[in-house]
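Keep the 3D view open while you read.

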Amino acid sequence: TAASGWSSNHTNITLMRGWESFKFRVEAGFDSGTTGLNTGGTNNEIKLNGYGIVTELEFPKTDWKWIVRAGLVSGDNPTTDNFEGYQLDRNYDVAFMLFNHPMGRYDVLTTNSQRNRNVTCTTPPCPVYANEEALDEDAISNVGYLSPRFTISLGEKWDWRNTLTFAQLQTNPSRAANNEISKELGWEWDTAFIFRPHERVQWVNEVGLFFPGKAYEAGSQNLNRGFTYGFQSKAAISF
């Protein structure tokens, strides 16, 4: 029920520093305010209270490079009147499939609000629908993750990149009583060969192997979960 106007504050802090052998970047965002909406005709106004914190540690060398990415992003608790969720920009990629493609049958990351949904769901976790079955449709939310990436030079024109991503849920996404969903999202290994025929041209061939955790069983829903894989080939030209 609309009771008043939307009033929100967004605070974003970025810190970065680099040396020859080590670089780091930290960014933190915080949402607060009110939506102007009441829940179910009551006087309980829905307030905003979410956060996202990400960091990248880089160890550059001549023939190899380490990058460690980590983040902590809040998720909405469907049992409260407030909205505690926070979503990172979809263009910020950590893994190939995880956080990009809507994985599983239910919205365990609580990101459905930023996707084009054609069915209204009132009891989270909500199912993934056919119009969401596309790459780069998901976002990073309701999760804590750790993602080290190692890139080694195989010659003047070839690189081999490997990324290992571990993730866990922050908040139980289910509103149903006595349905405690596991926080275990699982892990993903992405391996890619990068060919650079020219300084401004690169061709990337990448395979992703995703081993889903028990979170995708959706608690008492007891859904099936199984090994998932994907392949992509893409070229990029810099001007």
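Find Glu56 and Arg69 first: their side chains meet in a salt bridge, with 3.3 Å from N to O. Glu56 sits in strand β3 and Arg69 in strand β4 (residues 64–73), so this pair ties together parts that are 13 residues apart in sequence. And are these two buried or exposed? Both Glu56 and Arg69 are buried. Keep in mind that you're looking at a predicted model.

Now look for Arg25 and Glu58, whose side chains also form a salt bridge, at 3.6 Å from N to O. Arg25 belongs to strand β2 (residues 23–38) and Glu58 to strand β3 (residues 45–60), so here the parts being tied together are 33 residues apart in sequence. Arg25 has a relative accessibility of 27%, so it counts as partly exposed. Glu58, on the other hand, has a relative accessible area of 10%, and because buried means under 20%, Glu58 is buried.

Arg196 is partly exposed, with a relative accessible area of 24%, while Asp159 is buried at 15%.

| Salt bridge | N to O distance |
|---|---|
| Glu56 and Arg69 | 3.3 Å |
| Arg25 and Glu58 | 3.6 Å |

β2 and β3 pair in the antiparallel sense, over 13 bridges. If you want to spot one of them, Phe24 has Leu57 in β3 as its bridge partner. β3 and β4 also run antiparallel, and nine bridges join them. There, Val54 stands opposite Gly71 in β4. Carry on from β4 and you get to strand β5 (residues 143–153), which is antiparallel to β4 and joined to it by ten bridges. In this stretch, Val73 faces Val143 in β5.

Strands of a sheet pair through backbone hydrogen bonds, in either a parallel or an antiparallel way. In a regular strand, the side chains alternate between the two faces of the sheet.

Time to zoom out. The chain has nine strands and zero helices. The nine strands form an open sheet with antiparallel pairing, in the order β1-β2-β3-β4-β5-β6-β7-β8-β9. Its edge strands are β1 (7–18) and β9 (228–237), each of which pairs on one side only. From one strand to the next, the twist averages 10°.

Last, the chain as a whole. Of its 239 residues, 41% count as buried. The chain exposes about 13500 Å², and carbon and sulfur atoms supply 53% of that. Among contacts between residues at least 6 apart in sequence, 60% join residues at least 24 apart.

Note on methods
Residues are numbered from 1 along each chain as its sequence is written. This is a predicted model: local features need pLDDT of at least 70, side-chain atom pairs count only at pLDDT 80 or more; totals for chains, interfaces and linings use all residues. Side-chain values use heavy atoms; hydrogens and water are left out. A salt bridge is a side-chain nitrogen of Lys or Arg within 4 Å of a carboxyl oxygen of Asp or Glu. Helices (H or I, at least four residues) and strands (E, at least two) are DSSP runs, numbered from the N terminus. Buried means under 20% relative accessible area, exposed over 50%, partly exposed in between (1.4 Å probe, protein chains only). Two strands pair if DSSP finds at least two bridges between them. Axes are lines fitted to C-alpha atoms, for helices over the stretch in contact, and angles run from 0 to 180 degrees between N-to-C directions. Contact means heavy atoms within 4.5 Å. Accessible areas come from the Shrake-Rupley method with a 1.4 Å probe; for residues, only the protein chains shown count as cover.
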